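User: Could you show me how to read aromatic pairs and burial in a model like this one?

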Amino acid sequence: MAAEEEAEVEWVVDSIAGFLRGPAWSVPILEFMEQKCEVFDDEEESKLSYTEIYQEYQALVEKLIEGYLKEVGISEEKFQEAFSSPLAKTHTSQAILQTVLAAEDFRLFKEMMVQKNIEMQLQAIRIIKERNGVLPDCLTDGSDVFSEIEQQEMKILREVLRKSKEEYEIEQERKRTEEKLIFGIEKKFQNLAELEEHHLRQREDYLKKKRDMLMATKKESRNNVLSPTSTDQKNEELSPKETISEEKQRLLQKRKMLAEKLKEEVINKR
């Protein structure tokens with residue numbers, strides 16, 4: 001069983017080594033280092049820009065490894081086990097392993113980027129000299145002596161690199177300022193939206209109260225109007241009855257008087 005596990009680990013290590021040597025890994029890693037290394041120097045103090053670039057590198061490494069593991073069907077646990085095994089060191093060069101380990105070690109990452117910056121500077125000097133048909137002594141026999149022209153070109157190159165570094169830091173600061181501004185605007189709009197919603201709720205409550213008050217007032221007014229009308233109607237209904245009763249009384253009185261007169265006349269004639 002142990003032999004089978006060892007064989008599986010060896011297969012995973014060989015697969016990892018092939019991936020790290022291949023263009024799917026080396027090309028994006030190299031491009032990243034060449035584009036970002038110009039701001040790194042051998043000063044002990046680490047700048048804020050270093051941390052930002054380091055986080056970008058970690059994200060790149062994680063993305064590349066996740067894509068590889070998904071493609072070949074290797075779990076992250078198997079990858080960690082194989083990468084930490086002694087076989088990984090014998091099957092893969094230290095330079096390639098360094099690009100992976102740097103994602104977990106900032107100090108190693110900084111050293112790697114400083115080294116790449118130095119290599120880029122030397123490469124630039126080599127190109128300058130090759131265009132003139134002469135290579136500097138420091139690149140051929142290890143001499144540290146520069147001619148006046150070489151020193152001038154080195155000075156120009158350093159100035160270019162310094163400006164590139166300053167421009168990068170200015171650009172990063174501009175991005176941070178824009179992000180803060182955008183965040184502030186978004187926060188402001190969010191607060192305005194919340195305030196507007198609060199005002200709308202207050203307005204709805206106010207209108208509801210006014211409506212209820214209006215309905216109550218209308219109801220009370222209607223009751224006040226109906227009450228006198230009902231009384232008047234009742235009085236009007238009773239008045240004709242009272243009038244008829246009086247007329248009947250007068251008529252009865254006349255009839256009574258007439259009856260008594262006729263009675264008197266009849267009695268007298270007899």
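Here is a short walk through the aromatic rings and one lysine.

Analyst: Happy to! This is a predicted model, where local features need pLDDT of at least 70, side-chain atom pairs count only at pLDDT 80 or more, and totals for chains, interfaces and linings use all residues. Residues are numbered from 1 along each chain as its sequence is written, and side-chain values use heavy atoms, with hydrogens and water left out.

User: How many aromatic pairs does the structure hold?

Analyst: A pair of aromatic rings is described by the distance of the centres and the angle of the planes. Rings of Phe, Tyr and Trp (its six-membered ring) pair if their centres lie within 6.5 Å; planes under 30 degrees apart are stacked, over 60 edge-to-face, the rest tilted. The structure holds nine such pairs. One of them, Phe 40 with Tyr 50, is stacked, at 4.4 Å centre to centre and 15° between the planes.

User: Why is the pair of Tyr 54 and Phe 106 edge-to-face?

Analyst: Their planes stand at 75°, with the ring centres 5.2 Å apart, so the pair is edge-to-face. Tyr 54 and Phe 106 are 52 residues apart and link distant parts of the chain. Both belong to one aromatic cluster, which also includes Phe 40 and Tyr 50.

User: Is Lys 116 buried or exposed?

Analyst: Buried means under 20% relative accessible area, exposed over 50%, and partly exposed in between (1.4 Å probe, protein chains only). Lys 116 counts as buried because its relative accessibility is 13%. Beyond neighbours within four places in sequence, Lys 116 is in contact (heavy atoms within 4.5 Å) with Leu 30, Met 33, Glu 34 and Cys 37.

Terms used. Helices (H or I, at least four residues) and strands (E, at least two) are DSSP runs, numbered from the N terminus.
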